[in-house]
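I opened my notebook to look up a few things in this structure. My entries follow in the order I made them.

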Amino acid sequence: MNLRERIITAFGALNETSAGKLDELRELYADDVHFQDPIQTVRGLDAFIEMNRSLISKVRELSFEVTASAGSDEEMFLAWTMTFAPKHGPRVKVDGTSHVRTERGKVVYHRDYWDIAGMFAGAIPGGRRLLSAILKPFV
C-alpha cells in the first residue's frame with residue numbers, strides 16, 4: 001500500500017471508538033507536523049494526536065468517508081464527508097477537502113478546508129435560512 005492509500009485508510013478508521021488507535025498516526029505524521037482547519041492550528045505530533053483524542057472524546061458518532069483523491073505520495077488532495085454528532089447535539093454531515101504534503105514518507109503539512117458556517121447552520125432548525133438572510137447583502 002502506498003503512502004496516499006495508507007493516509008486514506010487512516011481517515012476511514014478515525015471514528016468515535018478509535019482513541020486507542022491514535023498512536024498509529026505516529027507512523028504517518030512527522031514530529032513537526034503542521035495541522036490547520038477552520039477552527040484551530042496545531043504544530044507538532046503530540047499536539048496533533050491530542051487534538052484528535054479530544055475530538056473523539058466529545059462525540060457519540062464520528063466518521064470520515066474519502067470520496068475522491070488526487071496527487072501523489074508527496075502532495076495530495078482528499079475530498080471527504082465527515083459525519084459528526086457531539087455527545088449532546090444534532091448529527092451533521094460536512095463535506096471537506098484536505099491538502100496533505102509529505103517529506104521522507106511522513107505528513108508534514110495537513111490543512112482541512114470545510115464550511116464551518118454551513119455546518120452550524122445545518123445543525124439548527126431554520127439555520128440555513130438565517131445564514132442566507134445574513135449573507136444576502138454580501139452576495
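**Entry 1: the ring cluster**

I found that ring pairs link Phe11, Phe64 and Trp80 into a cluster. I note that I am reading a predicted model. A search of the whole structure gave me four aromatic pairs.

I looked up Phe11 with Phe64. Their ring centres are 5.9 Å apart and the planes make 80°, an edge-to-face pair. Phe11 belongs to helix H1 and Phe64 to strand E3, so this pair ties together parts 53 residues apart in sequence.

Are these residues buried or exposed? The cut-off for buried is under 20% relative accessible area. Phe11 has 9% relative accessibility, so I count Phe11 as buried. Phe64 has a relative accessible area of 14%, so I count Phe64 as buried too.

I then looked up Phe64 with Trp80. The centres of these rings lie 5.4 Å apart and the planes stand at 75°, so I wrote down edge-to-face. Phe64 is in strand E3 and Trp80 in strand E4, so the pair ties together parts that are 16 residues apart in sequence. Trp80 is buried, as is Phe64.

**Entry 2: helix H1**

Which residues of H1 are buried? Helix H1 covers residues 3-13, and its buried residues are Leu3, Ile7 and Phe11. I looked down the axis of H1. The buried residues fall within an arc of 85°, so they line one face of the helix.

What covers them? The cover includes strand E3 (59-71), strand E4 (75-86), strand E5 (92-103) and strand E6 (106-114).

I also checked the start of H1. There a side-chain oxygen of Asn2 comes to within 3.2 Å of the backbone nitrogen of Arg4.

**Entry 3: a charge over a ring**

I looked up Arg101 and Tyr109. The charged end of Arg101 sits over the ring of Tyr109, and the distance to the ring centre is 4.2 Å.

**Entry 4: the whole chain**

I stepped back to the chain. I listed four helices and six strands. Starting at the N terminus, I read the elements as α-β-β-α-β-β-β-β-α-α.

How many residues does the chain have, and what share is buried? The chain has 139 residues, and 36% of them are buried.

Last, I noted the surface. The accessible surface of the chain is about 8200 Å². Carbon and sulfur atoms hold 54% of this surface.

Notes:
Residues numbered from 1 in each chain as written. Predicted model: local features only at pLDDT ≥ 70, side-chain atom pairs only at ≥ 80, totals over all residues. Heavy atoms only, no water. Buried < 20%, exposed > 50% of the residue type's maximum accessible area, 1.4 Å probe, protein only. Helix = DSSP H or I, 4+ residues; strand = E, 2+ residues; numbered from the N terminus. Arc of directions from axis to C-beta. Contact = heavy atoms within 4.5 Å. Polar contact = N/O pair within 3.5 Å; in protein donor to acceptor, adjacent residues only side chain to side chain. Phe/Tyr/Trp six-rings, centres within 6.5 Å; stacked < 30°, edge-to-face > 60°. Lys NZ or Arg CZ within 6 Å of the ring centre and 35° of its normal. Areas by Shrake-Rupley, 256 points an atom, 1.4 Å probe, with all protein chains shown as cover.
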